[in-house]
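The sequence and the structure come first.

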Amino acid sequence: MRKASRAAAGVGTLLVGVALAGVPGTAAAQGQAKITWESCEQARVAQAPGTYSCATYRVPIDHDNAALGTMDLALMRREANKPDQKLGSLFLNPGGPGASGVTMPMSADQFFEPAVLDRFDIIGFDPRGVGDSTPLRCFTTSEDAEDVQARLVPVPSTRQEISDALSTYRDYGEFCQRNAGSLLEHMSTQDVARDLDVLRDAVGDEKLNYVGFSYGTLLGATYANLFPDRVRTMVLDGNVDPALRTSDGLRYDQQRAEGFEHALDAFLTECAKARTQCAFGEGNPRQKFDELLRGIRQQPVNLPDGSSVDLNSFISGIGGTLYSPSSFAGLAEDLQQLYGVVKPPPNTAPKVVNARDLGTLLNPKQKVHHDVRPESEYTSDDSYFAVNCADKPFGYPSGQLPEIAARWEKTAPAFGRYQAFADPAACPLWKGGKETYRGPWNAATENPVLVVGNYYDPATRYEFSKRMADELGYSRLLSVNAFGHCILGDSGGVDRAVSDYLVNLTVPPRGKVYQPDTRPFDAPQ
(Lines give C-alpha, C1' and ligand atoms only; values in the text may rest on other atoms or scores of the structure.)
Protein backbone atom coordinates (compact mmCIF):
# COMPACT_ATOMS: atom_id res chain seq x y z
CA MET A 1 0.00 0.00 0.00
CA ARG A 2 1.30 3.45 -0.87
CA LYS A 3 0.77 6.19 1.67
CA ALA A 4 -1.32 9.17 0.59
CA SER A 5 1.05 11.44 -1.28
CA ARG A 6 -0.36 14.71 -0.02
CA ALA A 7 -1.99 14.83 3.39
CA ALA A 8 -5.30 16.66 3.46
CA ALA A 9 -6.26 18.18 6.78
CA GLY A 10 -9.86 18.69 5.71
CA VAL A 11 -12.23 18.62 2.77
CA GLY A 12 -10.80 20.53 -0.15
CA THR A 13 -13.26 23.39 -0.53
CA LEU A 14 -14.55 23.83 3.01
CA LEU A 15 -14.82 27.45 3.97
CA VAL A 16 -14.22 27.52 7.68
CA GLY A 17 -15.55 30.33 9.84
CA VAL A 18 -18.40 31.52 7.62
CA ALA A 19 -21.20 29.60 9.27
CA LEU A 20 -24.95 29.94 9.27
CA ALA A 21 -26.81 30.17 12.54
CA GLY A 22 -27.99 26.62 13.21
CA VAL A 23 -30.82 25.85 15.59
CA PRO A 24 -30.86 22.41 17.25
CA GLY A 25 -33.72 20.31 15.96
CA THR A 26 -34.26 22.47 12.88
CA ALA A 27 -32.31 22.91 9.68
CA ALA A 28 -31.39 26.54 10.18
CA ALA A 29 -32.89 29.83 11.22
CA GLN A 30 -35.74 30.79 8.91
CA GLY A 31 -35.45 33.97 6.90
CA GLN A 32 -31.84 33.31 5.97
CA ALA A 33 -30.15 34.58 2.81
CA LYS A 34 -31.90 33.62 -0.42
CA ILE A 35 -30.20 31.76 -3.23
CA THR A 36 -28.57 33.97 -5.85
CA TRP A 37 -29.22 32.37 -9.22
CA GLU A 38 -26.88 33.00 -12.13
CA SER A 39 -26.62 31.82 -15.73
CA CYS A 40 -25.46 28.24 -16.10
CA GLU A 41 -22.46 27.37 -18.21
CA GLN A 42 -23.99 27.51 -21.66
CA ALA A 43 -22.32 24.37 -22.95
CA ARG A 44 -23.92 22.42 -20.14
CA VAL A 45 -27.55 23.34 -20.84
CA ALA A 46 -27.48 24.32 -24.51
CA GLN A 47 -29.25 21.18 -25.77
CA ALA A 48 -31.83 20.93 -22.98
CA PRO A 49 -35.35 22.37 -23.28
CA GLY A 50 -36.27 25.10 -20.83
CA THR A 51 -34.66 28.08 -19.12
CA TYR A 52 -31.94 27.31 -16.59
CA SER A 53 -30.01 29.02 -13.85
CA CYS A 54 -27.35 27.71 -11.47
CA ALA A 55 -26.08 28.52 -8.00
CA THR A 56 -23.98 27.41 -5.10
CA TYR A 57 -25.28 27.81 -1.58
CA ARG A 58 -23.43 27.60 1.69
CA VAL A 59 -24.67 25.41 4.54
CA PRO A 60 -23.13 24.35 7.85
CA ILE A 61 -21.06 21.18 7.99
CA ASP A 62 -22.79 20.51 11.32
CA HIS A 63 -26.18 22.17 11.73
CA ASP A 64 -25.73 22.07 15.51
CA ASN A 65 -22.15 23.35 15.68
CA ALA A 66 -21.35 26.41 13.60
CA ALA A 67 -17.70 26.25 14.70
CA LEU A 68 -17.01 23.45 12.21
CA GLY A 69 -17.49 25.85 9.33
CA THR A 70 -19.46 25.58 6.11
CA MET A 71 -19.60 23.80 2.80
CA ASP A 72 -21.15 24.53 -0.60
CA LEU A 73 -24.07 22.85 -2.34
CA ALA A 74 -24.40 23.02 -6.14
CA LEU A 75 -27.88 23.63 -7.59
CA MET A 76 -29.57 23.93 -10.97
CA ARG A 77 -33.03 25.36 -11.59
CA ARG A 78 -35.29 24.82 -14.59
CA GLU A 79 -37.69 27.74 -14.41
CA ALA A 80 -41.44 27.14 -14.56
CA ASN A 81 -42.82 27.46 -18.08
CA LYS A 82 -45.65 29.62 -16.73
CA PRO A 83 -44.05 31.70 -13.99
CA ASP A 84 -47.20 33.73 -13.41
CA GLN A 85 -48.96 30.46 -12.39
CA LYS A 86 -46.07 29.02 -10.39
CA LEU A 87 -46.91 26.95 -7.31
CA GLY A 88 -43.37 26.84 -5.99
CA SER A 89 -40.21 24.78 -6.42
CA LEU A 90 -39.99 21.01 -6.90
CA PHE A 91 -36.79 19.48 -5.49
CA LEU A 92 -35.43 16.22 -6.91
CA ASN A 93 -33.08 13.54 -5.63
CA PRO A 94 -31.88 10.64 -7.84
CA GLY A 95 -30.86 8.25 -5.06
CA GLY A 96 -27.58 6.41 -4.76
CA PRO A 97 -26.81 7.48 -2.14
CA GLY A 98 -24.17 9.62 -3.72
CA ALA A 99 -25.73 10.06 -7.16
CA SER A 100 -25.41 13.54 -8.60
CA GLY A 101 -28.74 15.33 -8.85
CA VAL A 102 -27.66 18.76 -10.02
CA THR A 103 -28.48 18.16 -13.71
CA MET A 104 -31.78 16.34 -13.13
CA PRO A 105 -33.82 19.40 -14.19
CA MET A 106 -32.40 19.00 -17.71
CA SER A 107 -34.24 15.68 -18.09
CA ALA A 108 -37.37 16.67 -16.16
CA ASP A 109 -39.51 16.34 -19.27
CA GLN A 110 -38.74 12.59 -19.23
CA PHE A 111 -40.32 12.19 -15.77
CA PHE A 112 -43.05 14.80 -15.55
CA GLU A 113 -46.17 15.86 -17.44
CA PRO A 114 -46.25 19.36 -18.98
CA ALA A 115 -48.51 20.63 -16.18
CA VAL A 116 -45.73 20.00 -13.64
CA LEU A 117 -43.16 21.81 -15.78
CA ASP A 118 -45.59 24.70 -16.23
CA ARG A 119 -46.25 25.22 -12.52
CA PHE A 120 -42.96 24.47 -10.75
CA ASP A 121 -39.37 25.53 -10.83
CA ILE A 122 -37.59 22.16 -11.03
CA ILE A 123 -34.52 22.14 -8.78
CA GLY A 124 -31.74 19.58 -8.74
CA PHE A 125 -28.83 19.64 -6.33
CA ASP A 126 -25.79 17.60 -5.46
CA PRO A 127 -26.12 16.55 -1.81
CA ARG A 128 -23.29 17.23 0.60
CA GLY A 129 -20.16 15.30 -0.29
CA VAL A 130 -21.31 14.65 -3.86
CA GLY A 131 -20.19 15.85 -7.28
CA ASP A 132 -20.17 19.62 -7.75
CA SER A 133 -21.00 20.27 -4.11
CA THR A 134 -18.15 20.18 -1.61
CA PRO A 135 -17.05 16.57 -2.20
CA LEU A 136 -16.14 13.98 0.38
CA ARG A 137 -12.77 12.65 -0.72
CA CYS A 138 -10.96 9.86 1.03
CA PHE A 139 -8.00 9.86 -1.35
CA THR A 140 -5.71 12.63 -2.50
CA THR A 141 -4.44 10.85 -5.62
CA SER A 142 -5.96 8.50 -8.16
CA GLU A 143 -3.02 6.18 -7.60
CA ASP A 144 -3.98 5.72 -3.95
CA ALA A 145 -7.61 5.04 -4.86
CA GLU A 146 -6.67 2.48 -7.50
CA ASP A 147 -4.24 0.74 -5.16
CA VAL A 148 -6.99 0.23 -2.60
CA GLN A 149 -9.85 -0.64 -4.93
CA ALA A 150 -7.99 -2.89 -7.38
CA ARG A 151 -8.27 -5.89 -5.06
CA LEU A 152 -12.07 -5.78 -4.82
CA VAL A 153 -14.38 -7.97 -6.92
CA PRO A 154 -18.21 -7.90 -6.80
CA VAL A 155 -18.68 -11.52 -5.71
CA PRO A 156 -15.73 -12.67 -3.57
CA SER A 157 -15.76 -16.46 -3.53
CA THR A 158 -12.25 -17.75 -2.89
CA ARG A 159 -10.43 -17.37 0.41
CA GLN A 160 -8.05 -14.87 -1.21
CA GLU A 161 -10.88 -12.78 -2.71
CA ILE A 162 -12.68 -12.67 0.64
CA SER A 163 -9.49 -11.65 2.43
CA ASP A 164 -8.82 -8.98 -0.21
CA ALA A 165 -12.36 -7.59 0.14
CA LEU A 166 -12.11 -7.17 3.89
CA SER A 167 -8.62 -5.67 3.75
CA THR A 168 -9.77 -3.29 1.00
CA TYR A 169 -12.60 -1.95 3.12
CA ARG A 170 -10.31 -1.63 6.14
CA ASP A 171 -7.76 0.36 4.12
CA TYR A 172 -10.54 2.42 2.54
CA GLY A 173 -11.80 3.41 5.98
CA GLU A 174 -8.31 4.37 7.14
CA PHE A 175 -7.77 6.61 4.10
CA CYS A 176 -11.11 8.29 4.80
CA GLN A 177 -10.25 8.87 8.43
CA ARG A 178 -6.92 10.39 7.38
CA ASN A 179 -8.05 12.59 4.50
CA ALA A 180 -11.77 13.39 4.51
CA GLY A 181 -11.84 15.92 7.33
CA SER A 182 -14.80 16.95 9.47
CA LEU A 183 -17.37 16.32 6.73
CA LEU A 184 -16.84 12.57 7.25
CA GLU A 185 -18.77 12.78 10.54
CA HIS A 186 -21.72 14.60 8.98
CA MET A 187 -22.84 12.66 5.90
CA SER A 188 -26.00 10.98 7.17
CA THR A 189 -29.42 11.29 5.60
CA GLN A 190 -30.45 13.43 8.55
CA ASP A 191 -27.72 15.92 7.62
CA VAL A 192 -28.92 15.97 4.00
CA ALA A 193 -32.55 16.42 5.09
CA ARG A 194 -31.56 19.44 7.14
CA ASP A 195 -29.68 20.84 4.13
CA LEU A 196 -32.84 20.35 2.08
CA ASP A 197 -34.84 22.36 4.59
CA VAL A 198 -32.30 25.17 4.36
CA LEU A 199 -32.63 25.10 0.55
CA ARG A 200 -36.42 25.09 0.73
CA ASP A 201 -36.33 28.27 2.79
CA ALA A 202 -33.60 29.79 0.62
CA VAL A 203 -35.73 29.53 -2.55
CA GLY A 204 -38.55 31.27 -0.71
CA ASP A 205 -40.96 28.34 -0.32
CA GLU A 206 -42.93 27.96 2.89
CA LYS A 207 -43.48 24.27 2.17
CA LEU A 208 -41.50 21.62 0.33
CA ASN A 209 -42.46 19.88 -2.91
CA TYR A 210 -40.20 16.89 -3.45
CA VAL A 211 -39.72 13.83 -5.66
CA GLY A 212 -37.18 11.23 -4.55
CA PHE A 213 -36.07 8.07 -6.32
CA SER A 214 -34.65 4.93 -4.64
CA TYR A 215 -32.44 6.07 -1.72
CA GLY A 216 -34.05 9.48 -2.27
CA THR A 217 -37.17 7.97 -0.70
CA LEU A 218 -35.29 7.66 2.62
CA LEU A 219 -34.30 11.30 2.31
CA GLY A 220 -37.95 12.22 1.72
CA ALA A 221 -39.22 10.10 4.62
CA THR A 222 -36.58 11.58 6.93
CA TYR A 223 -37.55 15.12 5.92
CA ALA A 224 -41.26 14.36 6.34
CA ASN A 225 -40.67 13.20 9.90
CA LEU A 226 -38.25 15.94 10.90
CA PHE A 227 -40.38 18.69 9.38
CA PRO A 228 -43.90 17.36 8.80
CA ASP A 229 -45.49 20.81 8.89
CA ARG A 230 -43.22 22.00 6.07
CA VAL A 231 -44.31 19.43 3.45
CA ARG A 232 -46.81 20.29 0.71
CA THR A 233 -46.33 17.33 -1.66
CA MET A 234 -43.89 14.42 -1.68
CA VAL A 235 -43.54 11.59 -4.22
CA LEU A 236 -41.35 8.61 -3.29
CA ASP A 237 -40.60 6.28 -6.23
CA GLY A 238 -38.84 2.94 -5.59
CA ASN A 239 -38.91 2.86 -1.81
CA VAL A 240 -36.64 1.69 0.95
CA ASP A 241 -38.02 0.40 4.24
CA PRO A 242 -36.89 3.28 6.46
CA ALA A 243 -37.50 1.57 9.79
CA LEU A 244 -35.58 -1.59 8.86
CA ARG A 245 -32.79 0.21 6.98
CA THR A 246 -31.99 2.46 9.93
CA SER A 247 -32.37 -0.20 12.64
CA ASP A 248 -30.87 -3.41 11.19
CA GLY A 249 -28.65 -3.03 8.15
CA LEU A 250 -27.93 -6.75 7.94
CA ARG A 251 -31.59 -7.82 7.72
CA TYR A 252 -32.29 -4.98 5.31
CA ASP A 253 -29.53 -6.00 2.91
CA GLN A 254 -30.47 -9.67 3.14
CA GLN A 255 -33.99 -8.71 2.08
CA ARG A 256 -32.53 -6.64 -0.74
CA ALA A 257 -30.72 -9.75 -1.98
CA GLU A 258 -34.02 -11.61 -1.90
CA GLY A 259 -35.61 -8.73 -3.83
CA PHE A 260 -33.08 -9.11 -6.64
CA GLU A 261 -33.71 -12.85 -6.62
CA HIS A 262 -37.47 -12.28 -6.85
CA ALA A 263 -37.00 -9.92 -9.81
CA LEU A 264 -34.73 -12.45 -11.56
CA ASP A 265 -37.31 -15.20 -11.09
CA ALA A 266 -40.02 -12.91 -12.50
CA PHE A 267 -37.82 -12.11 -15.52
CA LEU A 268 -37.33 -15.82 -16.24
CA THR A 269 -41.05 -16.50 -15.77
CA GLU A 270 -41.93 -13.67 -18.15
CA CYS A 271 -39.41 -15.04 -20.63
CA ALA A 272 -41.08 -18.45 -20.52
CA LYS A 273 -44.46 -16.83 -21.16
CA ALA A 274 -43.11 -14.80 -24.08
CA ARG A 275 -41.67 -17.93 -25.71
CA THR A 276 -40.61 -16.88 -29.23
CA GLN A 277 -40.31 -13.21 -28.23
CA CYS A 278 -37.68 -14.14 -25.64
CA ALA A 279 -34.50 -15.64 -27.08
CA PHE A 280 -33.91 -17.57 -23.84
CA GLY A 281 -37.50 -18.84 -23.77
CA GLU A 282 -37.05 -22.22 -25.43
CA GLY A 283 -37.23 -25.08 -22.94
CA ASN A 284 -37.18 -24.08 -19.27
CA PRO A 285 -35.54 -20.66 -18.75
CA ARG A 286 -35.29 -21.14 -14.97
CA GLN A 287 -33.55 -24.47 -15.32
CA LYS A 288 -31.25 -23.17 -18.04
CA PHE A 289 -30.26 -20.17 -15.95
CA ASP A 290 -29.51 -22.34 -12.93
CA GLU A 291 -27.30 -24.58 -15.12
CA LEU A 292 -25.44 -21.50 -16.36
CA LEU A 293 -24.95 -20.17 -12.84
CA ARG A 294 -23.68 -23.52 -11.53
CA GLY A 295 -21.28 -23.88 -14.44
CA ILE A 296 -19.89 -20.35 -14.17
CA ARG A 297 -19.54 -20.70 -10.42
CA GLN A 298 -17.33 -23.74 -10.99
CA GLN A 299 -15.33 -22.36 -13.90
CA PRO A 300 -15.42 -19.11 -15.94
CA VAL A 301 -16.51 -19.37 -19.56
CA ASN A 302 -13.45 -18.58 -21.67
CA LEU A 303 -14.28 -16.90 -24.98
CA PRO A 304 -12.26 -17.18 -28.21
CA ASP A 305 -11.28 -13.50 -28.13
CA GLY A 306 -9.36 -14.05 -24.89
CA SER A 307 -12.03 -12.59 -22.60
CA SER A 308 -14.11 -14.57 -20.15
CA VAL A 309 -17.41 -14.49 -18.31
CA ASP A 310 -16.80 -15.23 -14.65
CA LEU A 311 -19.11 -15.10 -11.65
CA ASN A 312 -18.33 -11.42 -11.08
CA SER A 313 -19.21 -10.21 -14.56
CA PHE A 314 -22.17 -12.57 -14.82
CA ILE A 315 -23.90 -11.53 -11.59
CA SER A 316 -23.04 -7.84 -12.01
CA GLY A 317 -24.46 -7.90 -15.54
CA ILE A 318 -27.66 -9.66 -14.52
CA GLY A 319 -28.21 -7.37 -11.53
CA GLY A 320 -27.65 -4.22 -13.57
CA THR A 321 -29.93 -5.31 -16.39
CA LEU A 322 -32.83 -6.07 -14.04
CA TYR A 323 -33.05 -2.31 -13.41
CA SER A 324 -34.18 -1.68 -17.00
CA PRO A 325 -36.94 -3.76 -18.66
CA SER A 326 -36.06 -2.29 -22.04
CA SER A 327 -32.86 -4.36 -21.86
CA PHE A 328 -34.57 -7.67 -21.08
CA ALA A 329 -34.73 -8.86 -24.68
CA GLY A 330 -31.01 -8.14 -25.14
CA LEU A 331 -30.19 -9.94 -21.91
CA ALA A 332 -32.21 -12.96 -23.06
CA GLU A 333 -30.22 -13.07 -26.31
CA ASP A 334 -26.94 -12.94 -24.42
CA LEU A 335 -27.99 -15.67 -22.01
CA GLN A 336 -29.01 -17.92 -24.89
CA GLN A 337 -25.70 -17.36 -26.67
CA LEU A 338 -23.79 -18.11 -23.49
CA TYR A 339 -25.91 -21.18 -22.85
CA GLY A 340 -25.05 -22.41 -26.35
CA VAL A 341 -21.38 -22.26 -25.40
CA VAL A 342 -21.78 -24.02 -22.05
CA LYS A 343 -24.49 -26.52 -23.09
CA PRO A 344 -24.27 -27.03 -26.86
CA PRO A 345 -26.96 -29.27 -28.41
CA PRO A 346 -25.92 -32.92 -28.90
CA ASN A 347 -23.66 -33.59 -31.88
CA THR A 348 -23.18 -29.85 -32.35
CA ALA A 349 -19.97 -27.91 -31.98
CA PRO A 350 -20.06 -25.22 -29.27
CA LYS A 351 -21.11 -21.84 -30.62
CA VAL A 352 -18.34 -19.28 -31.10
CA VAL A 353 -19.23 -16.25 -28.97
CA ASN A 354 -17.05 -13.27 -28.21
CA ALA A 355 -17.42 -10.50 -25.64
CA ARG A 356 -18.81 -8.11 -28.27
CA ASP A 357 -21.69 -10.56 -28.77
CA LEU A 358 -22.69 -10.19 -25.11
CA GLY A 359 -23.11 -6.44 -24.99
CA THR A 360 -26.11 -6.33 -22.69
CA LEU A 361 -24.72 -8.77 -20.14
CA LEU A 362 -21.16 -7.49 -20.06
CA ASN A 363 -22.09 -3.86 -20.76
CA PRO A 364 -18.58 -2.77 -21.67
CA LYS A 365 -17.87 0.87 -20.98
CA GLN A 366 -15.59 2.83 -23.24
CA LYS A 367 -12.49 3.92 -21.42
CA VAL A 368 -9.74 6.27 -22.42
CA HIS A 369 -6.54 4.27 -22.21
CA HIS A 370 -3.87 6.32 -20.54
CA ASP A 371 -1.39 5.99 -17.73
CA VAL A 372 -2.44 7.78 -14.55
CA ARG A 373 0.33 10.00 -13.32
CA PRO A 374 1.45 9.07 -9.77
CA GLU A 375 0.45 12.49 -8.47
CA SER A 376 -2.75 12.90 -10.51
CA GLU A 377 -5.48 14.54 -8.46
CA TYR A 378 -8.29 12.35 -7.19
CA THR A 379 -11.53 13.84 -8.52
CA SER A 380 -14.19 11.30 -7.55
CA ASP A 381 -16.06 11.34 -4.25
CA ASP A 382 -16.66 8.74 -1.56
CA SER A 383 -20.18 9.59 -0.46
CA TYR A 384 -21.80 6.19 -1.02
CA PHE A 385 -20.40 4.41 2.00
CA ALA A 386 -20.28 7.63 4.02
CA VAL A 387 -24.09 7.86 3.82
CA ASN A 388 -24.96 4.17 3.96
CA CYS A 389 -22.62 3.40 6.83
CA ALA A 390 -24.00 6.35 8.82
CA ASP A 391 -27.60 5.23 8.25
CA LYS A 392 -27.32 1.43 8.50
CA PRO A 393 -26.23 -0.17 11.78
CA PHE A 394 -24.31 -3.45 11.51
CA GLY A 395 -23.78 -5.00 14.91
CA TYR A 396 -21.22 -7.74 14.23
CA PRO A 397 -17.48 -8.03 13.49
CA SER A 398 -16.49 -8.15 9.83
CA GLY A 399 -14.85 -11.53 10.40
CA GLN A 400 -18.33 -13.05 10.35
CA LEU A 401 -18.88 -12.01 6.71
CA PRO A 402 -17.78 -15.33 5.12
CA GLU A 403 -20.40 -17.16 7.21
CA ILE A 404 -23.07 -14.58 6.45
CA ALA A 405 -22.35 -14.67 2.71
CA ALA A 406 -22.53 -18.46 2.61
CA ARG A 407 -25.85 -18.42 4.46
CA TRP A 408 -27.35 -15.77 2.16
CA GLU A 409 -26.18 -17.69 -0.88
CA LYS A 410 -28.44 -20.59 0.09
CA THR A 411 -31.62 -18.47 0.07
CA ALA A 412 -30.54 -16.12 -2.73
CA PRO A 413 -28.20 -18.18 -4.98
CA ALA A 414 -27.48 -15.45 -7.51
CA PHE A 415 -27.37 -12.33 -5.34
CA GLY A 416 -26.82 -13.36 -1.73
CA ARG A 417 -23.02 -13.23 -1.79
CA TYR A 418 -23.10 -10.19 -4.08
CA GLN A 419 -25.12 -8.19 -1.53
CA ALA A 420 -23.22 -9.51 1.50
CA PHE A 421 -19.92 -8.12 0.22
CA ALA A 422 -21.21 -4.59 -0.23
CA ASP A 423 -22.41 -2.57 2.79
CA PRO A 424 -22.31 -5.50 5.26
CA ALA A 425 -18.61 -5.94 4.49
CA ALA A 426 -17.69 -2.25 4.38
CA CYS A 427 -19.70 -0.61 7.15
CA PRO A 428 -18.32 -2.48 10.19
CA LEU A 429 -14.89 -1.17 9.11
CA TRP A 430 -16.06 2.38 8.29
CA LYS A 431 -14.54 5.25 10.24
CA GLY A 432 -17.19 7.93 9.62
CA GLY A 433 -20.09 9.29 11.63
CA LYS A 434 -23.04 7.12 12.69
CA GLU A 435 -25.53 9.80 13.80
CA THR A 436 -28.77 9.84 11.81
CA TYR A 437 -32.54 9.93 12.18
CA ARG A 438 -33.90 6.48 13.11
CA GLY A 439 -37.58 7.19 13.67
CA PRO A 440 -40.34 7.33 14.62
CA TRP A 441 -41.66 7.47 11.05
CA ASN A 442 -45.32 8.23 11.67
CA ALA A 443 -45.46 12.03 11.70
CA ALA A 444 -48.51 13.24 9.76
CA THR A 445 -48.02 15.66 6.87
CA GLU A 446 -50.76 18.01 5.65
CA ASN A 447 -51.26 15.98 2.46
CA PRO A 448 -50.55 12.28 2.02
CA VAL A 449 -47.10 11.28 0.81
CA LEU A 450 -47.44 9.44 -2.52
CA VAL A 451 -45.53 6.12 -2.28
CA VAL A 452 -44.90 4.46 -5.67
CA GLY A 453 -43.71 0.86 -5.98
CA ASN A 454 -43.15 -1.62 -8.83
CA TYR A 455 -44.08 -5.25 -8.21
CA TYR A 456 -40.74 -6.50 -9.59
CA ASP A 457 -38.32 -3.76 -8.61
CA PRO A 458 -34.98 -5.52 -7.95
CA ALA A 459 -33.24 -2.90 -5.82
CA THR A 460 -36.19 -1.62 -3.76
CA ARG A 461 -38.61 -4.51 -3.62
CA TYR A 462 -42.35 -3.89 -3.63
CA GLU A 463 -42.60 -5.09 -0.03
CA PHE A 464 -40.45 -2.09 0.96
CA SER A 465 -42.93 0.31 -0.68
CA LYS A 466 -45.78 -1.32 1.23
CA ARG A 467 -43.85 -0.91 4.48
CA MET A 468 -42.97 2.70 3.67
CA ALA A 469 -46.66 3.46 3.15
CA ASP A 470 -47.56 1.70 6.41
CA GLU A 471 -44.82 3.39 8.44
CA LEU A 472 -45.49 6.96 7.32
CA GLY A 473 -48.10 8.89 9.25
CA TYR A 474 -50.15 9.87 6.19
CA SER A 475 -49.58 8.23 2.82
CA ARG A 476 -51.12 6.67 -0.27
CA LEU A 477 -49.59 3.61 -1.94
CA LEU A 478 -49.55 3.62 -5.72
CA SER A 479 -48.81 0.09 -7.00
CA VAL A 480 -47.47 -0.68 -10.47
CA ASN A 481 -47.45 -4.08 -12.19
CA ALA A 482 -44.03 -3.40 -13.66
CA PHE A 483 -40.45 -4.59 -13.81
CA GLY A 484 -37.43 -2.38 -13.27
CA HIS A 485 -36.19 0.09 -10.69
CA CYS A 486 -38.54 3.09 -10.28
CA ILE A 487 -41.29 3.94 -12.76
CA LEU A 488 -41.74 7.69 -13.31
CA GLY A 489 -41.41 8.37 -17.03
CA ASP A 490 -42.26 4.77 -17.99
CA SER A 491 -45.99 4.73 -17.23
CA GLY A 492 -48.35 7.33 -18.59
CA GLY A 493 -50.94 6.42 -15.96
CA VAL A 494 -48.49 6.90 -13.10
CA ASP A 495 -47.15 10.14 -14.61
CA ARG A 496 -50.65 11.59 -14.89
CA ALA A 497 -51.53 10.58 -11.33
CA VAL A 498 -48.31 12.15 -10.02
CA SER A 499 -48.95 15.33 -12.02
CA ASP A 500 -52.50 15.63 -10.67
CA TYR A 501 -51.18 15.15 -7.16
CA LEU A 502 -48.34 17.67 -7.42
CA VAL A 503 -50.40 20.34 -9.14
CA ASN A 504 -53.93 19.85 -7.80
CA LEU A 505 -53.34 17.85 -4.59
CA THR A 506 -55.57 15.11 -6.02
CA VAL A 507 -54.74 11.75 -4.46
CA PRO A 508 -55.07 8.62 -6.65
CA PRO A 509 -57.69 6.06 -5.57
CA ARG A 510 -56.84 3.31 -3.12
CA GLY A 511 -56.12 -0.13 -4.50
CA LYS A 512 -55.71 0.80 -8.17
CA VAL A 513 -52.87 -1.05 -9.88
CA TYR A 514 -51.14 0.89 -12.67
CA GLN A 515 -49.47 -0.55 -15.75
CA PRO A 516 -46.22 0.40 -17.52
CA ASP A 517 -46.30 1.75 -21.06
CA THR A 518 -44.51 -1.35 -22.40
CA ARG A 519 -44.02 -4.91 -21.21
CA PRO A 520 -40.70 -6.77 -21.25
CA PHE A 521 -39.74 -8.20 -24.64
CA ASP A 522 -42.07 -5.66 -26.29
CA ALA A 523 -39.97 -2.69 -25.16
CA PRO A 524 -37.76 -0.95 -27.76
CA GLN A 525 -34.12 -1.93 -27.70
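## Asn312 and its surroundings

Leaving aside neighbours within four places in sequence, Asn312 is in contact with Val153, Pro154, Val155 and Glu161. The model is a predicted one. Asn312 belongs to helix α10, which covers residues 311-321. Its relative accessibility is 11%, and Asn312 therefore counts as buried, the cut-off being under 20%.

One of the contacted residues also takes part through its backbone: the side chain of Asn312 reaches the backbone nitrogen of Val155 at 2.8 Å.

## The sheet

The strands β1-β2-β4-β3-β5-β6-β9-β10-β11, in that order, form an open sheet of 9 strands with mixed pairing. At the edges stand β1 (52-60) and β11 (513-514); each has a single partner strand, so one side of each is left without a neighbour in the sheet.

Helix α5 (residues 189-202) packs on this sheet. The strands touched by α5 are β1, β2 (70-78), β3, β4 and β5 (208-213), and the direction of α5 makes about 125° with that of β1.

## Strands β3 and β4

Both senses of pairing can be seen around β4. With β3 (residues 88-93), strand β4 (residues 120-125) pairs in the parallel sense over 5 bridges. Within this pair, Gly88 has Phe120 of β4 as its bridge partner, and Leu90 has Ile122 of β4. With β2, strand β4 pairs in the antiparallel sense over 4 bridges. Here Leu75 stands opposite Phe125 in β4.

How much of β4 is buried? The strand is mostly covered, with 6 of its 6 residues buried. The cover extends to both faces of β4.

## Thr222 in helix α6

Thr222 lies in helix α6, residues 216-226. Is Thr222 buried or exposed? Its relative accessible area is 1%, and the cut-off for buried is under 20%, so Thr222 is buried.

Not counting residues up to four places away in sequence, Thr222 touches Thr189, Gln190, Ala193, Tyr437 and Trp441. The side chain of Thr222 also reaches the backbone oxygen of Leu218, at 2.8 Å. For Thr222 and Val480, which are 258 residues apart along the chain, the C-alpha atoms are separated by 24 Å.

## Helix α13

Helix α13 (residues 383-391) is mostly covered, with 8 of its 9 residues buried. The buried residues are Ser383, Phe385, Ala386, Val387, Asn388, Cys389, Ala390 and Asp391.

Which helices do the buried residues of α13 pack against? They pack against α4 (159-179), α5, α6, α7 (242-245) and α16 (423-426). Of these, α5 is the helix that packs on the sheet, and α6 holds Thr222.

## Helices α8 and α9

Two packed helices are described by the angle between their axes and the distance between the axes. For α8 (residues 249-274) and α9 (residues 285-298), the angle is about 130° and the axes are 8 Å apart. The two helices are therefore oblique to each other.

On the α8 side, the contact is made by Leu264, Asp265, Leu268, Cys271 and Ala272. On the α9 side, Pro285, Arg286 and Phe289 make the contact. By class, the contact of α8 with α9 has 6 nonpolar, no polar and 2 charged residues.

## Arg496 in helix α18

Arg496 is found in helix α18, residues 492-504. With a relative accessible area of 52%, against a cut-off of over 50% for exposed, Arg496 is exposed.

The C-alpha atoms of Arg496 and Val116 are separated by 9.8 Å, and these residues are 380 residues apart along the chain.

How values were computed
Residues numbered from 1 in each chain as written. Predicted model: local features only at pLDDT ≥ 70, side-chain atom pairs only at ≥ 80, totals over all residues. Heavy atoms only, no water. Axes fitted to C-alpha atoms, helices over the stretch in contact; angles between N-to-C directions. Parallel < 35°, antiparallel > 145°, perpendicular 65-115°, else oblique. Contact = heavy atoms within 4.5 Å. Nonpolar A, V, L, I, M, F, W, Y, C, P; charged D, E, K, R; others polar. Pairing = 2+ DSSP bridges. Buried < 20%, exposed > 50% of the residue type's maximum accessible area, 1.4 Å probe, protein only. Polar contact = N/O pair within 3.5 Å; in protein donor to acceptor, adjacent residues only side chain to side chain.
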